[in-house]
Amino acid sequence: MALILGLESSCDDSAAALVTSDRRILAQAVVGQDAAHRPYGGVVPEIAARAHVERLPGLIRQVMAEAGVVPSDLDAIGATAGPGLIGGVMVALLAGKGLALAAGKPLITVNHLEGHALSPRLADTGLGFPYLLLLVSGGHCQLLLVGGVGQYRRLATTIDDAAGEAFDKAAKMLGLTYPGGPAIEALAASGDPRAVPLPRPLLGSDEPHFSFAGLKSAVQRAVATGAHRPEDIAASFQQAVVDCLVDRTARALASSDAPTLVVAGGVAANGAVRTALAELAQRSSRRYSVPPGWLCTDNAAMIGWAGAERFALGLVDRLDAPARARWPLDERAEPVRGAGVKA
Ligand code: KG4
Ligand code: ZN
């Protein structure tokens with residue numbers, strides 16, 4: 001059994017967690033920064049980086065105290081090294097290097113996207129490789145064939161906005177508070193998903209990718225008419241996103257023999273998304289796996305777990321490992337128009 005300290009600071013959540021290779025989370029803590037970024041309607045990198053510097057050390061102390069663990073008990077330290085907002089990424093990475101150096105323990109640099117990609121295996125003991133993964137977060141919207149730890153083949157990505165980004169922007173248009181995903185979901189609960197006609201970009205398209213920019217513009221126009229109830233716009237928008245995710249995932253499933261469909265990333269916390277993809281898996285006779293909501297949004301348990309998976313394979317890193325703003329899971333995948341601009 002290996003004990004890993006996971007550290008995360010690549011966006012607007014500071015997080016630390018103690019995770020074991022036999023899937024126990026001894027302690028974990030996440031502190032968001034929603035209030036600090038709310039006036040700006042999105043994450044301000046400089047504010048985020050400074051907040052991580054202030055908060056992460058306290059969270060590390062907290063989880064170690066809670067679990068009664070001291071640095072010499074650790075087998076390794078897993079820290080997110082990208083992709084993300086570089087100022088923030090550097091905080092957890094350097095904290096991890098400092099601890100590794102002081103305790104004489106190995107450092108494991110974790111790709112944040114690999115944290116999301118492997119997170120379902122922390123919660124679902126029976127989930128083996130390979131699986132088809134829909135990774136939907138604030139910065140990414142991808143379909144990946146996951147063959148094993150470190151083995152990712154990208155089948156599709158977004159040509160413009162990520163799904164979570166679309167939620168955040170639509171929420172802003174509706175005057176809702178940041179982050180937009182949970183706010184839209186709450187408002188949509190009392191709305192009619194058929195009330196506002198909205199486009200479903202690339203639905204039924206031969207190309208495998210996602211697109212949400214046209215949907216976002218249509219929401220803007222629907223808001224501007226003043227003719228619709230906000231809850232109806234929210235519900236119709238959410239339904240349009242769900243329809244796009246299901247359609248693109250169904251297309252990928254049709255040409256894959258992966259036995260399991262997996263959904264992960266912040267948008268996978270959305271109830272409508274979870275249900276629609278569960279139904280798709282059932283229709284397609286695939287096993288379905290989605291982590292609990294708290295494990296979908298950013299956290300350090302998934303980073304500690306990815307660290308544990310890498311540690312088991314002997315994949316440790318040097319203390320001069322770089323922080324990476326951009327770090328695709330599938331390094332061989334061709335860039336598509338507009339994608340990869342955002343972290
Ligand atoms: O994975 P995550 O926490 O951070 C990134 O790595 O990006 O994902 C954050 C994104 C945000 O865009 C947020 O609005 C969205 O996930 N999100 C949701 C929900 N909870 C978080 N979107 C829709 N419904 C939700 N319940
Ligand atoms: Zn994330």
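Which protein donors hold positions 2.0 to 2.1 Å from the zinc ion (ligand 2)? They are His-112 (NE2), His-116 (NE2) and Asp-298 (OD). This is a predicted model: local features need pLDDT of at least 70, side-chain atom pairs count only at pLDDT 80 or more, and totals for chains, interfaces and linings use all residues. Residues are numbered from 1 along each chain as its sequence is written, and side-chain values use heavy atoms, with hydrogens and water left out.

**Zinc site**
- Donors are N, O and S atoms within 2.8 Å of the metal (3.2 Å for Na, K and Ca).
- The zinc ion (ligand 2) has a tetrahedral site, with angles of 94 to 134 degrees among its four donor atoms; four donors count as tetrahedral if all angles lie between 85 and 135 degrees.
- The donor residues follow the spacing H-x3-H-x181-D in sequence.
- His-116 sits in helix 4 (residues 112-123) and Asp-298 in the loop between helix 10 (293-296) and helix 11 (301-312), so the pair ties together parts 182 residues apart in sequence. Helices are DSSP runs (H or I) of at least four residues.

**Burial**
- His-116 is buried, at 1% relative accessibility.
- Asp-298 is also buried, with a relative accessible area of 16%. Buried means under 20% relative accessible area (1.4 Å probe, protein chains only).

**Ligand 1**
- Around ligand 1 are 19 residues, and Gly-138, Asp-168, Gly-181, Glu-185 and Asp-298 come nearest. A residue counts as near if one of its heavy atoms lies within 4 Å.
- A backbone N or O atom of Gly-138 is 2.8 Å from an oxygen atom of ligand 1.
- For a backbone N or O atom of Gly-164, the distance to an oxygen atom of ligand 1 is 3.0 Å.
- The protein covers 89% of the 550 Å² of accessible area that ligand 1 has on its own, by the Shrake-Rupley method with a 1.4 Å probe.

Technical notes. Chains lettered and ligands numbered in written order. Tetrahedral: all angles 85-135°; square planar, octahedral: opposite > 155°, others 65-115°. Helix = DSSP H or I, 4+ residues; strand = E, 2+ residues; numbered from the N terminus. Buried < 20%, exposed > 50% of the residue type's maximum accessible area, 1.4 Å probe, protein only. Polar contact = N/O pair within 3.5 Å; in protein donor to acceptor, adjacent residues only side chain to side chain.
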